[in-house]
Amino acid sequence: MINKIVDSLAAAVADIRDGATIMIGGFGTAGMPAELIDALIAQSARNLTIVNNNAGNGDTGLAALLKTKRVKKIICSFPRQADSHVFDALYRGGEIELELVPQGNLACRIEAAGAGLGAIFTPTGYGTLLAEGKETRTIDGRNYVLEYPIRADYALIKAHKGDRWGNLVYNKTARNFGPIMARAAKCTIAQVNEVVPLGALDPEAIVTPGIFVQRVVPIAPAARAAA
Amino acid sequence: MNRMNRDQMAARVARDIPEGAYVNLGIGLPTRVANFLPKDREIFLQSENGLLGMGPAPAKGAEDWDLINAGKEPVTLLTGGAFFHHGDSFAMMRGGHLDICVLGAFQVSASGDLANWHTGAPDAIPAVGGAMDLAIGAKKVFVMMEHQTKSGEAKIVERCTYPVTGIACVNRIYTDLAVLEVTPAGLRVVEMIEGLRLDELQRRTGAPLLKAAA
């Protein structure tokens with residue numbers, strides 16, 4: 001019997017090694033797999049490359065991971081925010097490498113990896129600092145920049161419900177990067193608010209089919225104080 | 001001459017958004033346009049983090065932190081609204097499915113180049129988000145900004161001195177003084193606030209203005 005449910009957070013992330021590239025879902029804190037990040041902090045992997053839209057908020061979650069100084073590089077679109085002080089200090093101190101990617105290019109480079117594409121031509125960023133030194137091409141009169149896929153060893157994502165085959169549905173805008181990151185990583189670990197029996201998820205409404213998910217970890221929904 | 005305030009600017013932009021339009025309102029000043037959309041029009045607001053049919057802010061105490069906008073503030077979903085992932089969200093932009101996006105700006109050039117993501121200051125931490133995708137993706141790009149900087153420098157210029165977000169992507173500029181259309185011939189004045197003369201507007205603008213077609 002196939003059972004992708006892993007009961008312990010620690011066990012779910014135990015095989016993440018030094019030097020791994022890890023995608024972390026979430027847009028700000030919506031969809032951020034905070035418990036999986038805490039489990040990653042609790043183990044000792046270092047020299048990590050992290051892919052996320054942002055670079056941490058406040059002092060918890062991704063920000064707490066950065067604070068351990070075990071992240072050598074972050075690939076993101078919007079690091080600077082009102083509460084990104086952890087990243088800001090590391091960046092100004094030269095202690096973290098930043099690859100800044102326009103948000104839609106981040107999304108389609110992740111999608112390209114998941115879809116097995118070798119590269120993509122995107123119109124976004126053409127003529128800007130973020131395309132400097134990159135190959136360009138004019139196709140049907142429009143200008144494009146060549147961008148390569150972003151692949152990962154692991155994706156840590158947060159979904160609403162999952163079953164033992166790894167099928168997932170999400171909650172509202174917490175979906176954001178989850179479905180595309182799940183496809184781009186060799187091993188996708190999804191924390192879910194609820195594990196449901198096979199068949200409980202409407203097959204017409206499953207957002208991430210289980211083939212893209214290797215581990216499902218149930219988390220009690222956190223009682224969330226208003227920010 | 002009375003400059004428009006930010007609400008008046010938002011109301012002016014809102015007037016140009018037609019029934020049935022799919023619209024993305026950028027973070028900051030453009031967000032205010034939502035408050036002035038005519039109630040008798042059905043307009044679809046898209047938020048890049050993954051929703052279409054975005055409604056107003058929830059009542060205090062009813063916030064759902066899984067239901068936020070691009071500015072990471074809690075919002076609501078209108079009946080008929082939908083959620084989607086980032087691949088779909090940016091396909092909506094890059095694929096030319098959005099009718100209008102409204103963006104703030106540091107500078108706009110006479111040929112419609114937009115600079116709104118980075119001051120270029122050496123100590124600044126750059127952040128881009130969806131600005132470059134919106135700039136080149138929407139069918140029409142409206143810029144909404146003060147006509148001049150606080151110190152009186154022109155924000156509408158011959159050539160951007162700030163790093164650009166997109167090339168020749170802006171269609172219209174809504175400022176506290178005027179509405180300008182970017183045309184192949186140059187910047188055409190669509191309208192000016194009452195009491196302002198074209199030569200005065202020109203003096204506050206860093207690129208030549210074409211007179212409005214009668």
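Two strands pair if DSSP finds at least two bridges between them. Helices (H or I, at least four residues) and strands (E, at least two) are themselves DSSP runs, numbered from the N terminus. Everything below comes from a predicted model, where local features need pLDDT of at least 70, side-chain atom pairs count only at pLDDT 80 or more, and totals for chains, interfaces and linings use all residues. Residues are numbered from 1 along each chain as its sequence is written, while chains are lettered from A and ligands numbered from 1 in the order in which they are written.

**View 1**
Let us begin with strand S1 (residues 22-25) and strand S2 (residues 44-47) of chain B, which pair in the parallel sense over three bridges. Look for B:Tyr22, whose bridge partner in S2(B) is B:Phe44. S2(B) is also joined by two bridges to strand S3 (residues 51-55) of chain B, and these two strands run antiparallel. Here B:Ser47 stands opposite B:Leu51 of S3(B). The hairpin of S2(B) and S3(B) has three residues between the strands, and B:Gly50 takes a positive phi near 125° in this hairpin. Strands of a sheet pair through backbone hydrogen bonds, either parallel or antiparallel.

**View 2. The ten-stranded sheet of chain B.**
Now follow the strands across an open sheet of ten, in the order S4-S3-S2-S1-S5-S8-S10-S11-S12-S13 (chain B), with mixed pairing. Its edge strands are strand S4 (76-83) and strand S13 (209-210) of chain B, each of which pairs on one side only. In a regular strand the side chains alternate between the two faces of the sheet.

**View 3. Chain B as a whole.**
Chain B has four helices and 13 strands. Its C-alpha trace spans about 50 × 40 × 30 Å along the principal axes. How does the radius of gyration of chain B fit that of a compact globule with 214 residues? The globule would be near 17 Å and chain B has 17 Å, which agrees; the radius is taken over C-alpha atoms, and the globule rule is 2.2 Å times the number of residues to the power 0.38. Of the 214 residues, 43% count as buried. A residue is buried if 20 or more other C-beta atoms lie within 10 Å of its own, exposed if 12 or fewer, and partly exposed in between, with C-beta atoms placed from the backbone.

**View 4. Helix H2 of chain B and its surroundings.**
Helix H2 (residues 86-94) of chain B is mostly covered, as seven of its nine residues are buried. Among them are B:Phe90, B:Met92 and B:Met93. The buried residues of H2(B) pack against helix H5 (103-114) and helix H6 (178-184) of chain A, together with S2 and helix H3 (131-137) of chain B. Just after H2(B) comes B:Gly96, with a positive phi of about 75°.

**View 5. Where chain B meets chain A.**
How many residues of chain B are in contact with chain A? There are 31, and they are in contact with 38 residues of chain A; two residues are in contact if their C-beta atoms, placed from the backbone, lie within 7 Å. On the side of chain B that touches chain A, the largest share, five residues, comes from H2(B). The residues of this side divide into 16 nonpolar, eight polar and seven charged. Ala, Val, Leu, Ile, Met, Phe, Trp, Tyr, Cys and Pro count as nonpolar, Asp, Glu, Lys and Arg as charged, and the others, Gly among them, as polar.

**View 6. Two loop residues with positive phi.**
Most residues other than glycine have a negative phi, and most peptide bonds are trans. A:Lys69 has a positive phi near 60° and sits in the loop between helix H3 (62-67) and S3 of chain A. Is A:Lys69 buried or exposed? A:Lys69 is exposed because it has 12 other C-beta atoms within 10 Å. B:Ala168 has a positive phi of about 45° and lies in the loop between strand S9 (156-157) and strand S10 (172-174) of chain B. With 15 C-beta neighbours inside 10 Å, B:Ala168 counts as partly exposed.
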